[in-house]
Amino acid sequence: MSDAKFTGGEWKVADGTQIGEQILFIHNPELKSKGKVICRLTRVVDTHIPLSEQDIANAHLIAAAPEMYAMLEAAQKEIANLIDEVNDQRLSRVNSSSETQPDLCDQETVHEIQKLLSKARGEQ
């Protein structure tokens, strides 16, 4: 995550309970003694509604965010390189007897990934 300022390390989901509420913490267990809390999902228990499957799924999605960000960043670079290579190969086949220009790959997917990474950094 070269240009991101996120909390480093692996993020984990942990259950916690305080009086009157159920809590899911997304934290980094490597920072401080019990881990730095990244996000806290709370459901007030006095309504007797436990944390839902959706709450738990959301917590796991948030916990996976740093790894997904890093993977998207790596995929964006790899896709851009592959597109450049394919376009170079297609252009190398053009000669004076070629009737039409080759069908070149665009960078739309790379651009969309760049926009998503920018959004994750809070730049949009």
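Reply:

Let's start in the loop between helix H1 (53–92) and helix H2 (108–120), where you'll find Val 94. Helices here are DSSP runs of H or I with at least four residues, strands are runs of E with at least two, and both are numbered from the N terminus. Before going on, note that this is a predicted model, in which local features need pLDDT of at least 70 and side-chain atom pairs count only at pLDDT 80 or more, while totals for chains, interfaces and linings use all residues. Residues are numbered from 1 along each chain as its sequence is written, and side-chain values use heavy atoms, leaving out hydrogens and water.

For some context, the protein chain has 2 helices and 3 strands, and along the sequence they run β-β-β-α-α. Of its 124 residues, 22% are buried (buried means under 20% relative accessible area, exposed over 50%, and partly exposed in between, with a 1.4 Å probe and protein chains only).

Val 94 has a relative accessible area of 34%, so it counts as partly exposed. If you skip its neighbours within four places in sequence, Val 94 is in contact with Gln 101 and Pro 102 (contact means heavy atoms within 4.5 Å).

Now follow the chain into H2. This helix has 13 residues and spans 18 Å from its first C-alpha to its last, close to the 18 Å expected at 1.5 Å a residue (the expected span is 1.5 Å times one less than the number of residues). Which residues of H2 are buried? They are Val 110, Ile 113, Leu 117 and Ser 118. They sit on the same side of H2, because they cover an arc of only 140 degrees around the axis (the arc is that of the directions from the helix axis to the C-beta atoms). And what do these buried residues pack against? The answer is H1. Glu 78 itself is exposed, at 52% relative accessible area.

The side chains of Glu 112 and Lys 115 form a salt bridge, 3.4 Å from N to O (a side-chain nitrogen of Lys or Arg within 4 Å of a carboxyl oxygen of Asp or Glu). Since they are 3 residues apart in H2, about one helical turn separates them. Both are partly exposed: Glu 112 at 36% and Lys 115 at 33%.

Finally, look just past the helix. H2 is followed by Gly 122, which has a positive phi near 80 degrees. Around here Arg 121 and Glu 123 make another salt bridge, 3.0 Å from N to O, and Arg 121 is partly exposed at 24%. The salt bridge count comes to 2.
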